[in-house]
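Hi everyone, thanks for coming. Let me put today's structure up on the screen.

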Amino acid sequence: MIEIRIHGRGGQGSVTMAELLAEAAFYGGKEAQAFPNFGVERRGAPVTAYVRIDSKPIRLRSQIYSPDYAIIQDASLLNDGKILADLKRGASVIINTSKKASELSLPKNLKIKTINASGLALEIIGKPIINTILLGAFAGSTGLIQLSGAEKAIKERFSAEIAEKNIAALRRGFEVINQN
Amino acid sequence: MKKILEGSRAIAETIKNIGVDVVSCYPITPQTHIVEDLAKFKADGEADYEYVRAESEFAAMSILVGASAAGARTYTATSSQGLLLMTEVLYNVAGMRLPIVMTDANRAISAPINIWNDQQDAVTVRDAGWIMLYGENNQEVCDLHVLAYKIAEACQIPVMVNLDGFVLTHTLETIEIIDSKSIKKYLPAFKPSEKLDPKDPLTFGAFATPKHYMEIRQELHDDVVASKKMIAKEMTSFKKYFGRKLSLVDYYGDKSADTVVVAMGSVLGTIKDAIDELKKSGKKVGVLKVSSLRPFPAEEIIKEIGNKKNVIVIDKSLSLGEEGILAGELKRSFYGNSKATITSVIMGLGGRDITKEMIKKAITQAGKSRNQAVFIGK
């Protein structure tokens, strides 16, 4: 079973991202589970969402404490040093930042990739909506979900016009992540 | 066809496909997404039920009393304080033999105020005369709703389908929603034997003097007892129609285990994963799912685990000053029927996360005969 944790801030769509990721995995023929760290959501406050992907039905209901993958939607969340402290050894992390991984002081035993998702989102969508950029980046760097599955998830959720922009964002994230 | 859906959405789609006539709701976390989705289906013209936005849960259930007595198939959903506010009406529903089906997205009770999951709300109305079912995952929860209407209408007893708030309502997972055509084959149109009709006036819930009240209450009691057979029969029939198993109790794990964990609801999944890990390290533990609190499947439980040495009951609810509700039910049932040592373990109150490690810690309580509940929160 693969466990993924998403860290963002209220308003960034961490829960939507977890759901899109699980849907993309499901459309790729896998079992998937997505759920938020249930709370009283407030704009700007730290939000956590979880995804599990497996080849067999998922029964486990606990939160995810040592994920295989983490997605950080807002790099300022790394400031307290706690978020990445409990990841599995060798876990892969994608961080939304304009900096390079080498410019960040982060734990050594992790595979860190960075992407300027906020910048790309402004360019493609015209708003700092970073989910689909990061979803593409996750697909591109891990291969756990395919673009086709992610595109289907986006089309199911959004109107045609919004889906089109988000699919463009998805593809850009997919291409860019392996260039950094 | 399998889909991936949020639990609340899956329930709402199932209710739409069941073909209810009247939905009356008042929103409360974590039930909200269910009633929002049902309102949306109505607004989008995808459903033709009457949707009544009530001014409170007391009103929501009272509206259903009128609708159900007039012969409508009815639905509502609630949680926590909302369920408690309904309490007076819940007793009336059962007493009037109205086959209302309600979802309770189980949540903690104030004070202190807490919006998260445990199972204290529903057990508080355990004795109201409702059938009370519990689902382990969203598939089972949706299937139990289809079953609930069949049982409610056949037994003339209301049914409450319980699922863990947030843990299931807000989780996206794979599920097969039964379409309305298939449901129609299994669940015929609701034809009440008696209903409110101006042309043929009747009174529901009329005054009963000491001469009659007791027999009427005993009749309801006898019918709740008898409903267990009907539920078991309909669960078997459900499998024939839809291919998925539903059962009053379900044993998982090594049959020869001395120790067994008993629970209701979504924590069963985590327990199963925990005991599979224990099995790898050579420790045999079983788990028994209980899907119905009322009627209580005492004989079925004893048949499955009455010969075990240690029984650990995990409850997300308790009778303050005593022990877990399910643990108490087991002790009562086991008296004179089993030599098992029953330990009441309280976990997950007010949304406290339950991990596999905590389950393993609970299992270490096996055989420790205590009269007081053990709380495991870390």
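I'll walk through the fold of chain A, then some aromatic rings in chain B.

Quick housekeeping: this is a predicted model, where local features need pLDDT of at least 70 and side-chain atom pairs count only at pLDDT 80 or more, while totals for chains, interfaces and linings use all residues. Residues are numbered from 1 along each chain as its sequence is written, chains are lettered from A and ligands numbered from 1 in the order in which they are written, and side-chain values use heavy atoms, with hydrogens and water left out.

So, chain A. It has 5 helices and 6 strands (DSSP runs, H or I of at least four residues for helices and E of at least two for strands, numbered from the N terminus). Starting at the N terminus, the order is β-α-β-β-β-β-β-α-α-α-α. Of its 180 residues, 53% are buried, meaning under 20% relative accessible area with a 1.4 Å probe, protein chains only. Contacts here are heavy atoms within 4.5 Å; of those in chain A with a separation of 6 or more, 58% join residues 24 or more positions apart.

Now over to chain B. How are F238(B) and F242(B) arranged? Their rings make a tilted pair, 4.7 Å centre to centre with 50 degrees between the planes. Rings of Phe, Tyr and Trp (its six-membered ring) pair if their centres lie within 6.5 Å; under 30 degrees is stacked, over 60 edge-to-face, the rest tilted. Both residues sit in helix α8 (residues 213-242), 4 residues apart, about one turn, and both are buried. Ring pairs also link F238(B) and F242(B) with Y186(B) and Y241(B) into a cluster.

Terms used. Buried means under 20% relative accessible area, exposed over 50%, partly exposed in between (1.4 Å probe, protein chains only).
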